[in-house]
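Okay everyone, settle in and have a look at the screen.

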There are 2 protein chains.
Amino acid sequence: MPPLAAHHIKALTKLSPHLPITSSLAHHFTDWTGKYPSRSYEAIKTSTDQWHGTCILRPANVEQVSSILKYATTNKIPVVTQGGNTGLVGGGVPIQEDEVVLLTSAMNKIIEFDKDTGIILAEAGCILETLQDHVRPHGYEMPIDLGAKGSCQIGGNVATNAGGIKYIRHGSLHANVLGLEVVTPDGKVLDLSRSLKKDNTGYSLKDLFIGSEGTLGVITKVAIESKPISKETFLMLVGFQTFPEVVAFFRQAKRYFGMLNAFEFWDQVAHEQVVHHLKLQSPLPTCPFQVLFETEKDPLDFLEESGAEQCVLADSVSQQLNLWSLREGIPEALSKCGKVWKWDVSVPIDRMMSVVENLEGDIVSGYGHLGDGNLHLNIVKSSMSKEMERSIYAKVASMGGSISAEHGIGQAKSEYLPLSKDANSLEVMRNIKAVLDPAGIMNPGKIFPSASKEC
Amino acid sequence: MPPLAAHHIKALTKLSPHLPITSSLAHHFTDWTGKYPSRSYEAIKTSTDQWHGTCILRPANVEQVSSILKYATTNKIPVVTQGGNTGLVGGGVPIQEDEVVLLTSAMNKIIEFDKDTGIILAEAGCILETLQDHVRPHGYEMPIDLGAKGSCQIGGNVATNAGGIKYIRHGSLHANVLGLEVVTPDGKVLDLSRSLKKDNTGYSLKDLFIGSEGTLGVITKVAIESKPISKETFLMLVGFQTFPEVVAFFRQAKRYFGMLNAFEFWDQVAHEQVVHHLKLQSPLPTCPFQVLFETEKDPLDFLEESGAEQCVLADSVSQQLNLWSLREGIPEALSKCGKVWKWDVSVPIDRMMSVVENLEGDIVSGYGHLGDGNLHLNIVKSSMSKEMERSIYAKVASMGGSISAEHGIGQAKSEYLPLSKDANSLEVMRNIKAVLDPAGIMNPGKIFPSASKEC
């Protein structure tokens with residue numbers, strides 16, 4: 001693709017506030033891991049003056065978003081919507097030289113919060129942590145919590161159908177997002193933003209946009225239900241010698257407590273790296289597997305029954321935070337070991353660690369949201385072969401698993417999507433894309449496998 | 001429409017088991033309330049022999065469903081899918097003379113149940129109560145519970161996005177249905193039936209079919225997550241003098257307990273009828289408003305704090321059942337008073353009873369799932385004018401409410417759908433319908449307002 005013509009840039013920047021593209025804004029043209037630079041990234045990064053091949057638009061409201069998309073559809077100009085740019089699959093960055101970056105960050109108002117129901121209506125550019133801070137003094141918590149909460153935006157969370165550590169407690173965004181306002185590629189505004197718990201009126205379009213990764217339109221508002229904060233919680237770290245013991249323990253815990261607030265696990269490799277690189281104290285330095293789990297009921301009887309031998313029950317808020325940092329620090333610690341290749345998959349719980357077996361790399365580690373069957377496999381290795389990448393996804397698929405549990409598809413996994421979606425479903429997805437975005441302007445190159453790359 | 005041609009009936013009944021249409025099967029051509037008879041209903045009901053204008057197909061498996069739909073699309077034959085035929089909006093019954101009835105009842109196998117995760121995979125024709133009975137001995141309960149559980153089918157529950165008394169505890173079917181198998185009108189089978197808690201791979205097609213009321217395809221399998229049964233529950237009946245007191249009490253309860261297992265309410269009119277017609281004992285015979293609510297935490301301190309004056313805490317399982325029958329018997333009791341007209345709406349909680357005010361009828365009663373803002377307004381009256389019907393929906397819409405909280409749209413509310421869905425969203429819905437069902441064979445006359453009837 002050639003860069004975008006000057007008259008288009010002129011027209012678009014009249015429709016919306018924009019940021020002149022200089023090398024200091026090059027970060028909008030790649031993801032934070034640096035794995036998915038746009039084709040124009042190097043040119044922008046090394047430019048000494050303004051780069052004129054496309055534009056970064058920062059609309060202030062839904063009307064401006066609508067004008068942008070209408071113009072883009074009419075003139076077949078590709079548009080990528082970018083929230084906090086914290087995604088892990090290259091879904092929120094441009095690919096083509098002429099691709100317009102639409103930043104949602106200026107639409108960051110909290111519109112209303114209902115203290116009685118916990119329902120918050122916010123513009124898409126609101127930072128997740130800002131929403132968290134808004135609802136917390138009223139006794140609520142957001143139903144989603146991510147490591148990236150300080151910079152990710154609620155619109156991006158919804159567009160990627162992000163998961164995180166609260167998923168086991170509060171369910172997916174399909175469960176908690178009550179409504180959306182969306183601009184479709186023709187510039188029309190869909191008012192799906194009702195702040196009602198129950199609304200059974202026709203096709204659930206909001207669910208179509210949840211997880212559509214910017215390929216069907218631009219989410220401009222989100223109505224989401226925050227949840228009452230648990231009055232009292234208990235956080236425990238438990239060590240195990242084998243993975244089957246971990247699984248048995250989870251089953252016991254699920255039966256005993258019914259509801260778990262969190263159930264995370266990691267292997268010894270991850271633990272050694274987090275303790276070393278983040279200089280943390282380890283209460284259980286030598287366990288092959290560790291589990292961090294939170295309950296609302298007193299766990300003492302359970303822990304006795306379960307026969308857990310190595311166990312630490314946090315006795316203060318600061319100890320709770322310390323235990324959480326052992327889990328939350330893992331991605332950062334592994335990134336300090338070298339180039340990290342990541343797989344975010346879900347498989348039947350008892351088979352999670354068999355995904356991690358017999359893999360080559362400088363460091364091979366498995367951790368994740370065990371309660372949801374969601375494994376994060378990380379491999380530190382200077383380079384990753386397509387064969388190895390594919391063979392891991394193929395193994396997951398052969399177990400009846402999903403090649404993306406919570407990160408989405410983006411650029412990273414589009415060619416593997418047929419491993420998780422049958423041809424008929426893919427065809428329906430393509431047909432829906434075509435009917436909503438006939439010009440194909442919304443986030444091209446994401447989600448759908450290109451014909452030549454299908455596996 | 002003329003009846004279906006004999007050669008089509010012959011062809012279709014070769015593709016699938018069928019039931020010869022006699023007057024004893026006339027109930028498949030109307031709903032249980034008798035409000036939505038098919039145009040051929042009278043002819044069938046009064047026929048002395050077999051009626052030859054259409055056919056009732058009862059496919060045994062997904063392949064037969066696929067053949068039926070393929071033939072129907074090719075030959076533009078309308079098809080209505082019928083589960084337990086317990087719906088309230090005429091969504092599961094034929095309208096036209098030539099409309100083929102596709103019964104899901106023969107597809108009633110439970111395929112697998114995972115005792116560790118609670119995930120059950122079942123064919124669409126399984127009765128909800130059968131699934132309930134299947135999971136309960138293992139310590140689980142279905143996430144949905146309805147008065148019709150003895151005859152409604154899980155496929156129909158999903159197609160209507162049914163709600164019920166467990167909604168407040170477990171959320172909607174969008175939260176709990178993990179996957180579906182669906183046959184699209186062209187006969188293609190979509191394998192969306194993964195029994196995984198997390199699967200973030202492209203558009204969430206299963207959510208598009210949840211609540212699509214048989215207009216986009218036929219659901220043949222459902223993977224759904226059942227939930228651990230609460231170890232201990234407390235059920236209370238509390239009486240109030242005014243509705244604002246009810247609302248204040250709900251707010252207090254939500255804050256105190258965080259999670260509520262149920263929170264139902266009814267007015268004095270409903271109570272008098274249920275006590276009278278079902279010959280029940282009333283613990284609180286003279287309260288203008290009553291609330292039935294269930295918690296997992298001991299409520300004694302809360303009840304003291306709240307200052308609730310009239311309160312009964314169930315002290316045995318049989319007393320729990322007695323209290324529940326005061327709520328669950330209301331629809332039946334009102335149906336014994338005469339012809340009942342029903343509105344199932346959701347509005348902001350504090351305005352629920354203002355929907356019920358100043359309405360004319362022999363009996364006017366409001367009850368429902370207060371915790372979800374879901375009001376069931378019932379009016380007993382010999383006839384209902386279109387003006388009155390419309391004015392009630394218009395009032396709900398003016399409050400920012402939804403004209404259908406949990407019953408769906410079907411035939412009953414299609415002309416009012418524009419009160420709850422803006423024109424752009426309706427257009428997207430129509431486009432999606434057209435792309436999946438270009439011949440328009442699936443459940444014609446449901447959900448979408450006909451051009452002449454739009455309000």
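**Two helices crossing**

In chain B, α1(B) passes α3(B) in a right-handed crossing. Helices here are DSSP runs of H or I with at least four residues, strands are runs of E with at least two, and both are numbered from the N terminus.

Quick housekeeping: what we have is a predicted model, where local features need pLDDT of at least 70 and side-chain atom pairs count only at pLDDT 80 or more, while totals for chains, interfaces and linings use all residues. Residues are numbered from 1 along each chain as its sequence is written, and chains are lettered from A and ligands numbered from 1 in the order in which they are written.

Back to the helices. How do α1(B) and α3(B) sit relative to each other? The axis of α1, residues 6-15 of chain B, comes within 9 Å of the axis of α3, residues 62-74 of chain B, and the two cross at roughly 160°. An axis is a line fitted to C-alpha atoms, for helices over the stretch in contact, and angles run from 0 to 180 degrees between N-to-C directions. The pair α1(B) and α3(B) is therefore roughly antiparallel; that label goes to angles over 145 degrees, with under 35 being roughly parallel, 65 to 115 roughly perpendicular and the rest oblique.

Who does the touching? From α1(B) we have A11(B), L12(B) and L15(B), and from α3(B) we have Q64(B), S67(B), I68(B) and Y71(B). By class, the residues of this contact of α1(B) with α3(B) come out as five nonpolar, two polar and no charged. "Contact" means that the C-beta atoms of two residues, placed from the backbone, lie within 7 Å. For the classes, Ala, Val, Leu, Ile, Met, Phe, Trp, Tyr, Cys and Pro count as nonpolar, Asp, Glu, Lys and Arg as charged, and the others, Gly among them, as polar.

**Two chains meeting**

Now zoom out. Which two chains are in contact, and through how many residues? 63 residues of chain B are in contact with 63 residues of chain A. On the chain B side, α7 (173-176), β9 (189-192), α8 (205-209), α9 (243-257) and α15 (423-436) each supply at least two residues. The largest share, eight residues, is from α15(B). Sorted by class, that side of chain B has 20 nonpolar, 27 polar and 16 charged residues. And 100% of the interface residues of chain B are interface residues in chain A too, so the copies meet through the same surface.

Two copies of a chain are related by a rotation about an axis and a shift along it.

**A few single residues**

One spot that reaches across is G258(A), in the loop between α9 (243-257) and β13 (262-267) of chain A. Leaving out residues up to four places away in sequence, G258(A) touches P228(B), S230(B) and K231(B). Is G258(A) buried, exposed or partly exposed? It counts as partly exposed, with 18 C-beta neighbours inside 10 Å. The cut-offs: buried is 20 or more other C-beta atoms within 10 Å of the residue's own, exposed is 12 or fewer, partly exposed is in between, and C-beta atoms are placed from the backbone.

V183(A), in strand β8 (residues 177-183) of chain A, is buried, with 26 other C-beta atoms within 10 Å. V183(A) and L69(A) are 114 residues apart in sequence, yet their C-alpha atoms are 7.9 Å apart in space.

K279(A) has a phi near 50°, a positive value in a residue other than glycine, and K279(A) counts as exposed, with 8 C-beta neighbours inside 10 Å. N85(B) also has a positive phi without being glycine, near 55°. N85(B) lies in the loop between β3 (79-82) and β4 (100-103) of chain B, and N85(B) is buried, with 22 other C-beta atoms within 10 Å.

Notes
Left-handed = near helix turned anticlockwise from the far one by under 90°.
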